[in-house]
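Here's a quick question-and-answer walk through a two-chain model.

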Amino acid sequence: MKKIGITLTIFVLTFFLCLASFIFVEKTAQYTENYLEEIEKSNDKKEFEMALEKCKELNSFWDERSKILSVFIHHDTLDKINQSLKVINVSLKNKSRIETSKAKVSAMAYIKALKESDEISIENIF
Amino acid sequence: MLISLLRALLLYIIIVFSIKFMGKRQISELQTSELVVTLLISDIASIPMQNSAQPLFSGLIPIVVLVCCEIFISHFMVKNSKFRKLICGSAVIIISEGKILQKELEKLRMSVDELYEQLHEMDIFSVKDVAFAIIETNGKMSVLKKSERQTPDSSSLGIDTPENVLEFVVISNGEINNLSLSSCGLSKNWIDEILSKKKLNVSDVYIMTANKNKEFNVIKKEKT
């Protein structure tokens, strides 16, 4: 019975770990999307300073979160998002509205893929 | 590369502990579910071990889940015979009173050659010598020979034989094994007494065995 108790505890802990990772990915993706939307708005209004400020915030937020995400998300996926966020930063510094917009679209696509890869859906299960 | 080494070490430790937690069994004695889990674990572990871009947890979580499921299943199998039958199947008699049960053999998809091979491994060279042959749930064959073909033992011959006494290794490579010592009801003083009579120290002994009747055997370390 002791062994079953230990197994049950490990199983429950594993389940909650998976659930926590799922929530963490969802929240991170949501925050990142919000930041990107705000950057896009500022970029459209040609408020590059404001957008750059937001982008810096996003980068520091992402750097912090990606360290934890790398524990359970494929590192290639994280590298792609990281790279596209860096491109946004450079584009904003160059005050290039079109480049920023393009980089934002690709970053959004990667974030969407990240969310979808962790989503509980029929496609993902099978 | 250092990451690969650390990952391999971590996975090795986790797998060894997981399999130990599942319980000791030999590959040939594994039940179907245990065999599946063992094969899956080795396969799953190899992916994050080779690919450092793959998070270690993507390998660890399935391993933990598989081991937990295996322990739950084995627990329920002990508790519920119907469940055990569902997972492991049941033993099948393939030879009864020297006669091969062809239908059962066919159901098991076992050829006559395979059957004979297994009988030969058990030193049986004629089906007529077999009273019953059973294929157990783990795939092993158990055979009961006909009474006239069985090797007689001391009780059937009416011979009194001395009682078997279990022998323990009480000193191994110069180290006293306290557990073995207490298992045969002996003390450290008894060892000291024996060794002093032989003018030996504990560190000079390669192996010393003893039983509860205080019968012992001492092998000295060879000088190198």
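Predicted model: local features only at pLDDT ≥ 70, side-chain atom pairs only at ≥ 80, totals over all residues.

User: How many helices and strands does chain B have?

Analyst: Helices (H or I, at least four residues) and strands (E, at least two) are DSSP runs, numbered from the N terminus. On that basis, chain B has nine helices and eight strands.

User: Are H1(B) and H2(B) roughly parallel or roughly antiparallel?

Analyst: The axes of H1 (residues 2–22) and H2 (residues 32–50) of chain B come within 10 Å and cross at roughly 165°. Axes are lines fitted to C-alpha atoms, for helices over the stretch in contact, with angles from 0 to 180 degrees between N-to-C directions. Angles under 35 degrees count as roughly parallel, over 145 as roughly antiparallel, 65 to 115 as roughly perpendicular and the rest as oblique. That makes H1(B) and H2(B) roughly antiparallel.

User: Which residues of H2(B) does H1(B) meet?

Analyst: Contact means C-beta atoms, placed from the backbone, within 7 Å. From H1(B), the residues involved are B:Arg7, B:Ala8, B:Leu11, B:Ile15 and B:Ser18, and in H2(B) they meet B:Ile41, B:Ala45, B:Pro48 and B:Met49.

User: Which element gives the most to the side of chain A that touches chain B?

Analyst: In total, 14 residues of chain A are in contact with twelve residues of chain B. Two elements of chain A give two or more residues to its side: helix H1 (2–44) and helix H3 (75–93). With seven residues, the one that gives the most is H1(A).

User: Is A:Lys86 buried, partly exposed or exposed?

Analyst: A:Lys86 lies in helix H3 of chain A. A residue is buried if 20 or more other C-beta atoms (placed from the backbone) lie within 10 Å of its own, exposed if 12 or fewer, and partly exposed in between. A:Lys86 has 15 such atoms, so this residue is partly exposed.

User: How many residues of H6(B) are buried?

Analyst: Across chain B, 14% of the 224 residues count as buried. Helix H6 of chain B, residues 112–121, lies largely in the open, because of its ten residues the number buried is zero.

User: Which residue in the turn between E3(B) and E4(B) has a positive phi?

Analyst: Five bridges join E3 (residues 130–135) to E4 (residues 141–145) of chain B, and B:Ile134 stands opposite B:Ser142 in E4(B). The two strands form a hairpin with five residues between them, and the turn residue with a positive phi of about 90° is B:Gly139.

Definitions and conventions. Residues numbered from 1 in each chain as written. Chains lettered and ligands numbered in written order. Contact = placed C-beta atoms within 7 Å. Pairing = 2+ DSSP bridges.
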